[in-house]
Amino acid sequence: MPPLVKDGWPIGSARLFAEDPIAFCEKYIPQMGGVFQIKSIFFLVIREFEYVVLVTDPDMVKHIMVDNNRNYVKSYAYRVLKVLLGEGLLTSEGDFWRKQRRLLQPGFHRDRLATFVQIMTQAGQELVDKWSALPKGTEVDVSTSMMEMTLNIVCRAMFSSDVRDAMEVVNREFDLANENLINRVTNPFPLPYWLPAPSVKREKEGYNAIKNVVADIIEKRRSSKEKYDDLLAMLMEVEDADTGEKMSNKQIQDEVITIFLAGHETTAVALTWMMHCLEENPEVEEKLAEEEKRVLNGGTPVLDDLRELEYTRMVIDETLRLYPPAWIIGRHTLAEDQLGEYRIPNNTNCLIPVYYIHRDPKNWDEPLKFIPERFNKENSKGRHKFAYFPFGGGPRLCIGNNFALMEMQLIAPMLVRAFKLRKPKGFEFKKEPLVTMRPSPHMKMVLTSR
Ligand code: HEM
């Protein structure tokens, strides 16, 4: 078995990890190596598993996510998400997941994504117009603005026009759902759903509000005679190649909520971190503005521009390296396995801290510096696939990776050419690793024009 972190008496080292996972990784990974165990007296009783290992060695991560992926299912945390996401792509498993992935994949094909370019640039322009109307020197909540914009984009891509109800409810309920779900993952004694406590009642109401608004939209669409060309239409029409079967309303609902939740906060958080990185690195901000001038010169970006916006893409990659929104990935063994020299028993939860691997000095020179040029062709040669994997890897690779990259590459130059964003004097924040890793409190910035 891999070595064990023995600190954290009497509960065990898992408590130290749960309290501050980032500090834990920074302290113990350099001492303990590429795979090691943490323990809690609660694991066996409460969590349906016996062992927990942290895995940071890129070869071992590849073994789990690619080479021997059939020996692993998603970890405990994803099972907690099922209360909201049901059997959607992020949380389902096995043959059922494989069938769903085949059905949904064409909706995220590059040709299909091209039809979303206009939705994305329109939402970007709406944000630029909103901020431009404010007096210079106004403090804006960047986290909230990015969240509203990306939610707007995913709603329009999903539902074309009938989006207002869904946007309002998801906006209102999402933060609370996020907090409740992470509490259920980290708290060894979460209140059971059957308990008639006001907090549990409120929690369930939040999940139900999101489910109901999506169910209503699906119902309405079923009875509509209009023709739509959006993701919902794709989900309703697509047929299983073997059986000719279409998806049930419940399955469509699970996929819609999954895409909503997996798709908007991650991208919003990435854009928010990008604004932080640009402020910290004004020379990068200048280069980005120069590229905008050369390629777009103030025009609205179109699909063909993406190839030319090379530096913008490198800035996105470097942001996702230092601040991966999906900061941790978890898997669970179905049978005993071997990671390097260690035996990993059945019933082991494997935690893969993407955040740390992206900053591990074993994988990166000057890991804490923001250097977009790491991602040019020359410097990317020979890099281990699992030294940099903000979208995961193997069969469970993020289905929305190109959607997100396109969205960020279209919107970043529109923002950079209009504003310089600077944090208010004395503004302090920390990284908050919830379902995604985001700045806390919300990132506030002062608008100055370029
Ligand atoms: C910067 C933005 C994003 C990041 C960092 C991100 C990250 C990830 C990661 C790491 C996974 C794999 C999780 C695992 O292996 O356990 C994943 C899966 C997934 N993502 Fe994303 N994602 C982003 C944007 C999106 C968008 C825009 C969508 C949809 C429009 C989306 C939909 C999904 C879905 C449905 C899955 C599950 C795929 C499957 O298991 O088949 N994501 N994402």
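This is a predicted model: local features need pLDDT of at least 70, side-chain atom pairs count only at pLDDT 80 or more; totals for chains, interfaces and linings use all residues.
Local features were considered at pLDDT of at least 70 and side-chain atom pairs only at pLDDT 80 or more, whereas totals for chains, interfaces and linings use all residues. Residues are numbered from 1 along each chain as its sequence is written. Helices (H or I, at least four residues) and strands (E, at least two) are DSSP runs, numbered from the N terminus.

The ligand is surrounded by 24 residues, of which the closest are Gly263, Thr266, Gly392, Cys398 and Gly400; a residue is near a molecule if its C-beta atom, placed from the backbone, lies within 6 Å of it. By class, this shell holds 15 nonpolar, six polar and three charged residues. Ala, Val, Leu, Ile, Met, Phe, Trp, Tyr, Cys and Pro count as nonpolar, Asp, Glu, Lys and Arg as charged, and the others, Gly among them, as polar. Helix 13 (249-280) and helix 19 (401-418) each supply at least two residues of the shell, and helix 13 accounts for the largest share, seven residues.

The largest nonpolar core comprises 113 residues. Such a core is a set of buried Ala, Val, Leu, Ile, Met, Phe, Trp, Tyr and Cys residues joined through C-beta atoms within 7 Å. A residue is buried if 20 or more other C-beta atoms lie within 10 Å of its own, exposed if 12 or fewer, and partly exposed in between, with C-beta atoms placed from the backbone. Val53, Val55, Met158, Met274 and Val354 have the most contacts inside the core. Helix 13 gives the most to this core, with 15 residues. Contacts are assigned where C-beta atoms, placed from the backbone, lie within 7 Å. Leaving out residues up to four places away in sequence, Val53 touches Pro2, Val35, Phe36, Gln37, Ile344, Thr348 and Cys350.

Helix 9 (residues 142-159) has 18 residues and spans 25 Å from its first C-alpha to its last, close to the expected 26 Å; the expected span is 1.5 Å times one less than the number of residues. Of these 18 residues, 16 are buried, so helix 9 is largely enclosed by the rest of the structure. Ser160, which follows helix 9, has a positive phi near 50°.

Helix 14 (residues 282-295) packs against helix 16 (residues 310-322) at an angle of about 145°, with the axes 8 Å apart. Axes are lines fitted to C-alpha atoms, for helices over the stretch in contact, and angles run from 0 to 180 degrees between N-to-C directions. Val284, Lys287, Leu288 and Glu291 of helix 14 meet Tyr311, Thr312 and Val315 of helix 16. This contact has four nonpolar, one polar and two charged residues.

Phe49 lies in the loop between helix 3 (43-46) and strand 2 (51-55). Phe49 is partly exposed because 16 other C-beta atoms lie within 10 Å. Its contacts, not counting residues up to four places away in sequence, are Phe43, Tyr76, His332, Asn347, Thr348 and Asn349. Asn347 sits in the loop between strand 7 (342-344) and strand 8 (348-352) and has a positive phi near 65°. Glu366, in the loop between helix 17 (354-357) and helix 18 (377-380), has a positive phi near 40°.

A cis peptide bond joins Trp9 and Pro10, with omega about 5°. The bond from Ser440 to Pro441 is also cis, with omega near 0°.

Notes
Two residues are in contact if their C-beta atoms, placed from the backbone, lie within 7 Å.
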